[in-house]
Amino acid sequence: MEFEEFRKRVETKKRTDPHLFCLENDTIAGPEQIAAFEETHRIRLPEKYKQFLSTYGGGYFGYANIYSLDPKGVFPVTNENRFQFPLTPGKCLYVSDNGCGDLYGFRIDPKGRCSERLFYRDHEDGAIYETEYTDTFEYLVAVGIENRSLS
């Protein structure tokens, strides 16, 4: 999904259900903050996740939450991934959860690049599964706007 389509879906949902966007948000990430995170952790964040962070910041987002780069935020990505550091190939950078212990994140390839596609870590078996969500925007439309669960 492209950003403009995502933005329009968000704005429509804000008009029809403004209460879903009244909870606390984390601060918007600037280019310097994104670059510093990537340099510190030696990874390359997915472009659409970076675009989301630089426009909306993170935190509560409709029916979902999405981790931010704001260390003082509600959902800082560093807190939620503290057991993942250092981020190495094969691991995931987790950027959201379902509130029941399951995590959503991006796989890290051997060159330190995070996938655009989201993966799912089941809290019961610890296994990581590929999801239907090809990028951050698709995930947030399905879960944050349409309140659909993983199918």
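1. In what order do the four strands of the open sheet run, and with what pairing? The model, which is a predicted one, has an open sheet whose strands follow the order 3-4-5-6, and the pairing is antiparallel. Strand 3 (92-97) and strand 6 (128-130) are the edge strands, each of them pairing on one side only. On average, and with direction ignored, neighbouring strands of this sheet are turned by 35° against each other.

2. Within that sheet, strand 3 is joined to strand 4 (residues 103-107) by five bridges in the antiparallel sense.

3. The aromatic residues deserve a point of their own, for the structure holds 16 aromatic pairs. One of them is formed by F6 and F52, whose rings are 6.3 Å apart centre to centre with 65° between the planes, an edge-to-face arrangement. This pair links distant parts of the chain, since F6 belongs to helix 1 (residues 3-16) and F52 to helix 3 (residues 47-55), 46 residues apart. F6 has a relative accessibility of 0% and therefore counts as buried, and F52, at 0% as well, is likewise counted as buried.

4. The rings of Y67 and F75 make a pair that counts as stacked, because their planes lie at 20° to each other, with the centres 6.1 Å apart; the cut-off for stacking is under 30 degrees. Y67 is buried, its relative accessible area being 0%, and F75 is also buried, with a value of 11%, because the limit for that class is under 20%.

5. Which residues make up the aromatic cluster that includes F6 and F52? The cluster is formed by F3, F6, F21, F52, Y56, F61 and F137. Elsewhere, the charged end of R107 sits over the ring of F119, 5.5 Å from the ring centre.

6. The axes of helix 3 and helix 5 (residues 136-145) come within 8 Å and cross at roughly 60°, and the two helices are therefore described as oblique to each other. On the side of helix 3 the contact is made by K48, Y49, Q51 and F52, and on the side of helix 5 by T136, F137 and L140. Both F52 and F137, which take part in this contact, are also members of the aromatic cluster.

7. Most residues other than glycine have a negative phi. R42, however, has a positive phi near 55° without being a glycine, and its place is in the loop between helix 2 (31-41) and helix 3. With a relative accessibility of 72%, R42 counts as exposed, because the limit for that class is over 50%.

8. N147 is the other such case to be raised here, with a positive phi of about 55° although it is not a glycine. N147 is found in the segment after helix 5, and at 48% relative accessibility it counts as partly exposed.

Terms used
Residues numbered from 1 in each chain as written. Predicted model: local features only at pLDDT ≥ 70, side-chain atom pairs only at ≥ 80, totals over all residues. Heavy atoms only, no water. Pairing = 2+ DSSP bridges. Axes fitted to C-alpha atoms, helices over the stretch in contact; angles between N-to-C directions. Phe/Tyr/Trp six-rings, centres within 6.5 Å; stacked < 30°, edge-to-face > 60°. Buried < 20%, exposed > 50% of the residue type's maximum accessible area, 1.4 Å probe, protein only. Lys NZ or Arg CZ within 6 Å of the ring centre and 35° of its normal. Parallel < 35°, antiparallel > 145°, perpendicular 65-115°, else oblique. Contact = heavy atoms within 4.5 Å.
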